[in-house]
Amino acid sequence: MPLSEQERRALEELEAQLSAEDPKFASTMVSDPNRARRRRRVLLGVLALAAGLALVVLAVTTRQTWLGAIGFLGMVFGVTYAVGTDADQRPDLHVVGSSSAQRAGGSGGAGRGFPSVQGGFPGSAKAKAKPARGASNSGFMQRLEERWDRRRRESQGW
């Protein structure tokens with residue numbers, strides 16, 4: 001039985017009051033159209049995980065390695081499916097540096113189309129340069145080397 005106009009207006013007024021008084025609670029009460037889809041994905045993923053685990057247990061008891069591999073793959077698929085998102089809900093990912101800035105002479109990784117990296121490219125002089133160590137680190141290493149030399153000298157006497 002549909003609501004009358006007066007009941008609809010009263011309901012809308014109650015909703016407006018609720019969202020004015022407690023907007024956080026009101027936002028949680030709004031229905032999510034993707035909730036059923038997410039719940040179904042999690043349920044199917046957990047079922048695939050349970051089926052894969054059952055196959056692994058069966059493979060161990062029957063000593064069938066191939067069955068265990070299939071069960072493991074089923075478990076991985078189940079977890080991936082349950083945790084993953086739908087293709088239409090994935091955010092659009094874009095490259096950080098624009099190609100126009102690299103063409104204009106920006107720091108584009110020595111002209112190779114790569115964004116600049118603070119430490120440089122692997123094998124470059126910047127990447128090979130080690131940061132300066134503090135006195136406490138060098139003292140620690142020096143003590144270790146002294147201990148090592150002392151032990152070597154003591155063991156040579158045998």
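This is a predicted model: local features need pLDDT of at least 70, side-chain atom pairs count only at pLDDT 80 or more; totals for chains, interfaces and linings use all residues.
Trainee: Why are the buried residues of α4 said to line one face of the helix?

Mentor: Those residues are L67, G68, G71, G78 and A82. Seen down the axis of α4, they fall within an arc of 100°, so they line one face. The face turned away from this buried side carries the exposed residues T65, W66, L73, F77, T80 and V83.

Trainee: What covers the buried residues of α4?

Mentor: The cover includes α3, residues 35–62, and the buried residues of α3, which are R41, G45, G52 and A59, pack against α4.

Trainee: Why is R41 called buried?

Mentor: Buried means under 20% relative accessible area, and R41, with 12%, is therefore counted as buried. Leaving aside residues up to four places away in sequence, R41 touches Y81, A82, G84, T85 and D86.

Trainee: What makes R41 count as lying over the face of Y81?

Mentor: For an arginine, CZ has to be within 6 Å of the ring centre and within 35 degrees of the ring normal; R41 lies over the face of Y81, at 4.0 Å from the ring centre.

Trainee: Why is the pair of F77 and Y81 called stacked?

Mentor: The structure has one aromatic pair by the rule applied here. The ring centres of F77 and Y81 are 5.8 Å apart and their planes are at 25°, while the cut-offs are centres within 6.5 Å and, for stacking, planes under 30 degrees apart, so the pair is stacked. Being four residues apart in helix α4, F77 and Y81 are separated by about one helical turn.

Trainee: What makes F77 exposed, and how is Y81 classed?

Mentor: Exposed means over 50%, so F77, at 52% relative accessibility, counts as exposed, whereas Y81, with a relative accessible area of 28%, is partly exposed.

Trainee: Which residues does UniProt list as "transmembrane region"?

Mentor: The unreviewed UniProt entry lists residues 42–60 and 66–84 under that name. In the model, residues 42–60 are 100% helix, and residues 66–84 are 95% helix.

Key: Residues are numbered from 1 along each chain as its sequence is written. Side-chain values use heavy atoms; hydrogens and water are left out. Buried means under 20% relative accessible area, exposed over 50%, partly exposed in between (1.4 Å probe, protein chains only). Helices (H or I, at least four residues) and strands (E, at least two) are DSSP runs, numbered from the N terminus. The arc is that of the directions from the helix axis to the C-beta atoms. Contact means heavy atoms within 4.5 Å. UniProt positions are given in the numbering used here, feature names are shortened, and annotations may be inferred rather than shown by experiment. Rings of Phe, Tyr and Trp (its six-membered ring) pair if their centres lie within 6.5 Å; planes under 30 degrees apart count as stacked, over 60 as edge-to-face and the rest as tilted.
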